[in-house]
Amino acid sequence: ISMAEPGAVLAVSYTHLDVYKRQASGDVLAQSDWRPFCKTIQAGLPAIMVSHGAYPWLDATGWPSAAGTVPAALSPVIVDGWLRQRLGFEGLIVSDALNLPFLRRAFTARQIARQAAAAGVDLLVALSHPEDAKEAMAGIGDALAAGEIDPAGIARAADRILNLKIGLGRSPILYTGDDPPAKSLGSDETLALIEEIAARSI
């Protein structure tokens, strides 16, 4: 899979202990940091990982970190507004690690997952324990219940994941229109599958 983190190249003060901040407008980023990614998007890039960098000129929404503004992977303005709408990316959007210490200082795994899902991220990654995955599903459910995302959005995310697996020659678990992905969130069957995957991966 081709993956990239737009903006990480020229970012400053980046560590996994806190967020970095990039002081640049969208027009500047499109001609500098994002230029290679704009080209690869046009060429059909299948997946992009969005970083936790803060871009206050793109989204100045306050957030409790050293940067003071929302990380890119949790920002609807950046994920949906810029990456989907402005840059025209139609592939799979993957979050950066959701278990980083600076994220968990102010929010639970459930709250972070809700923010990422509401931002428009398709695939949430780096959940350290099966319990984190359960909390993430609960967070997605919270976003659904609050109307921050809709079942059709969950179905589109599932389609992107399945299509990428098919493109890589994997055999995906399929769902039918009568049993959309949003319906199975937090079900006993899904939770049992999480436990099985975790046990077999060790």
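This is a predicted model: local features need pLDDT of at least 70, side-chain atom pairs count only at pLDDT 80 or more; totals for chains, interfaces and linings use all residues.

Residues are numbered from 1 along each chain as its sequence is written, and side-chain values use heavy atoms, leaving out hydrogens and water.

**The chain as a whole**
- The chain has 9 helices and 2 strands (DSSP runs numbered from the N terminus: H or I of at least four residues for helices, E of at least two for strands).
- Starting at the N terminus, the order of elements is α-α-β-α-β-α-α-α-α-α-α.
- Of the 202 residues, 42% are buried (buried is under 20% relative accessible area, exposed over 50%, partly exposed in between, with a 1.4 Å probe and protein chains only).

**Helix 3**
- Ile78, Val79, Trp82, Leu83 and Arg84 are the buried residues of helix 3.
- Viewed down the helix axis, these buried residues fall within an arc of 165°, so they line one face of helix 3 (the arc is that of the directions from the axis to the C-beta atoms).
- The face turned away from the buried side of helix 3 carries exposed Gln85 and Arg86.
- Just after helix 3 comes Gly88, with a positive phi of about 75°.

**Salt bridges**
- There are 5 salt bridges (a side-chain nitrogen of Lys or Arg within 4 Å of a carboxyl oxygen of Asp or Glu).
- Asp122 pairs with Arg84 in one of them, with the closest N and O atoms 2.7 Å apart.
- This pair links distant parts of the chain, 38 residues apart: Asp122 is in the loop between helix 5 (109–119) and helix 6 (130–145), and Arg84 is in helix 3.
- Both Asp122 and Arg84 are buried.
- Asp142 and Arg110 also form a salt bridge (2.6 Å, N to O).
- Asp142 sits in helix 6 and Arg110 in helix 5, 32 residues apart.

**A buried aspartate**
- Asp59 is in the loop between strand 1 (47–50) and helix 3 (76–86).
- Asp59 is buried but has no salt bridge, and Arg86, the nearest side chain of opposite charge, is 13 Å away (Lys and Arg count as positive, Asp and Glu as negative; His and the chain ends are not counted).
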